[in-house]
Amino acid sequence: MTEKLATRTEVPDELKWNLKDLYSSDDAFEQAAAAFKEKLKSFGEHEGHVADSAESLYKTFSDGVALDNELKRLYVYCMTRDHSDTTNPQGTKLLTEGQGLFSAFGAATAFLNVEVTRITSDEFKKLLSDEPRLEEYKRYIEVNFLRNRDHILPTEQEKILAKSDTVFNSSENIYSNLNDADIKFGEVKDENGDIVELTSARYSEFMNSTNRGLRKQVSENFKTAYKNLQHTFAATLTAHMNGVIVKNQLHNFKTAREGELFQNEIPESVYDTLVTTVHNHLDGQHRYMQLRKDVMGLNQMYGYDTRVPLVGGSKLKFTFSESKSIVLDALKILGDDYVTGLKHEFSEGWIDAAENVGKYSGGYQIDVYGVHPYVLLNWSDNYDGLTTLAHESGHAMQSYLTDQFQAVQNTDYPIFTAEIASTTNENLLMAYMLDKYADNKAMKAYLLQTSIETFIGTVNTQAMYAEFEHQCYETVEDGEPLTADRLGELYGELDRQYDGPALSTTSKMSPSWAGIPHFYMNYYVYQYATSMAISTILADRIYRKVPGALEQYKAFLKAGSSQAPIDLIKQAGVDVTSGQYLDDAFAVLDKRIAELKELLGK
């Protein structure tokens with residue numbers, strides 16, 4: 001018999017989100033959406049009067065921020081309803097409604113950019129002096145409006161562009177439906193001889209199998225599935241990137257990257273420093289690949305051989321319940337308030353854990369101020385599942401703590417800092433597990449291997465993704481076609497550079513780029529790499545109980561977006577304007593590789 005993936009209705013309620021904390025039903029959502037639209041109409045009364053006085057400026061932003069938070073609540077409901085089962089037409093309908101609300105909000109508030117950016121620095125100082133309550137919105141106004149002076153269009157044009165959001169979002173929607181609902185990976189015979197349906201979550205499980213034939217078959221199934229749809233994926237990605245480029249060009253940015261990094265207050269030099277420094281340290285990844293090949297005794301080593309445990313019988317497996325207990329114990333070093341937040345997350349419907357038919361792949365966290373964070377997982381009983389729980393819980397706890405200590409306008413922290421919170425949890429979990437299994441050679445070797453591969457996968461691989469994404473944008477910006485063949489060649493070449501000579505390939509072109517949803521998130525992935533490097537340093541200091549390290553880190557978690565990300569990270573003890581932090585992080589990687597070689601007698 002074939003083991004089939006559960007349908008949404010077959011998933012137990014305790015493994016699902018509690019969306020009633022947002023709205024009691026779809027009907028309640030519709031009522032709230034209708035009321036929101038009326039509030040948007042009323043907000044239009046501010047148009048033409050935003051800077052009439054300090055009081056009018058305060059009232060405009062007080063109303064606008066409240067509407068923005070209400071919009072997020074509405075949208076998260078739509079998104080979670082759809083992502084829980086993308087095959088359900090009701091969820092798709094709701095998501096379309098949510099995107100329409102975003103578009104309507106953008107159009108209704110488009111006048112803000114024009115009117116606020118007309119305010120000079122001296123005039124803004126005077127307004128702050130006249131209305132002390134404006135101080136609450138000072139950074140919010142400066143970051144989101146005043147510094148945009150050179151990057152706005154006339155009001156009517158901004159409204160038209162805002163109304164076009166549903167068009168610009170369509171490529172991401174098409175990708176999600178294609179990748180999460182329509183694509184099929186076939187069936188394989190698992191280690192027990194049972195025929196099972198192959199899914200994204202099971203891919204991760206099977207890549208850890210000691211059965212090389214199974215790993216090879218799973219790899220081939222995935223490559224075939226993406227190769228069969230590569231032209232559609234290529235057209236979808238090209239359409240998305242064209243949209244991003246057009247929007248940034250219209251806002252007077254020379255390139256898409258300049259515009260996207262500008263939004264998060266990150267200089268482009270940080271991006272370039274990452275890619276350059278990672279290339280300078282690729283010898284570590286190459287040494288690890290050669291070690292893996294030697295230990296496995298392979299004449300030819302392929303991509304499907306790079307995740308299997310090097311020590312037989314050392315694969316760790318944990319249920320979802322067990323993993324929650326482990327995460328609570330591993331992260332108690334972060335304090336009672338942190339553990340209290342985790343207990344809320346684990347028991348009050350903040351997590352949607354089980355994989356089911358049509359569910360959005362991967363994992364993420366999204367927060368609703370005044371409600372709580374929501375976490376999506378696609379659970380597998382392995383170490384990846386445990387690590388993902390710790391990772392997404394890092395996001396959830398940063399949101400949980402930020403919401404307690406910041407006003408709503410200072411809670412929308414950028415990805416650049418968000419991924420530090422998640423990967424610090426990963427590093428603390430690893431330190432805890434290495435201590436727990438310190439006297440077990442096989443387990444320690446497995447954990448060291450996992451630690452090395454997590455670092456390589458998060459720093460090196462995400463830097464490779466960032467390099468690939470930038471090459472794709474440059475190709476489109478140069479007016480060259482971004483065909484499936486071109487994408488396969490770019491990705492395949494980078495794969496070979498990063499993996500090194502120990503890994504063999506069967507083709508110069510790779511279709512693997514098609515399965516990566518983050519390319520629809522616009523210069524997003526590089527932040528995984530910078531964050532893992534930063535968190536490697538921070539977690540080491542916290543675990544060793546370096547004086548002040550925990551206090552600095554907790555202050556960082558509570559700060560939200562109240563300061564520029566680079567400043568917040570510097571206060572936590574790491575200077576990202578220098579490449580030294582990357583060199584320090586790679587030194588940790590080199591140490592772990594050397595320790596694993598010694599442990600394995602190589």
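## Basis and burial

A residue is called buried under 20% relative accessible area, exposed over 50%, and partly exposed in between (1.4 Å probe, protein chains only). By that rule Tyr-465, at 15% relative accessibility, counts as buried, and Phe-519 counts as buried at 1%.

The model is predicted, with local features needing pLDDT of at least 70 and side-chain atom pairs counting only at pLDDT 80 or more, whereas totals for chains, interfaces and linings use all residues. Residues are numbered from 1 along each chain as its sequence is written, and side-chain values use heavy atoms, leaving out hydrogens and water.

## Aromatic pairs of Tyr-465

Rings of Phe, Tyr and Trp (its six-membered ring) pair if their centres lie within 6.5 Å, and planes under 30 degrees apart count as stacked, over 60 as edge-to-face and the rest as tilted. The count by this rule comes to 35 aromatic pairs. Tyr-465 and Tyr-491 are stacked, because their ring centres are 6.4 Å apart and their planes stand at 25°.

Tyr-465 also pairs with Phe-519 in an edge-to-face arrangement, at 5.8 Å centre to centre and with 80° between the planes. Since Tyr-465 lies in helix H19 and Phe-519 in the loop between H20 and H21, this pair ties together parts that are 54 residues apart in sequence; helices are DSSP runs (H or I, at least four residues), numbered from the N terminus.

## Ser-531

Ser-531 belongs to helix H21 (residues 526-543) and, at 0% relative accessibility, counts as buried. Its contacts (heavy atoms within 4.5 Å) include Phe-416 and Glu-419, not counting residues up to four places away in sequence.

Terms used. Helix = DSSP H or I, 4+ residues; strand = E, 2+ residues; numbered from the N terminus.
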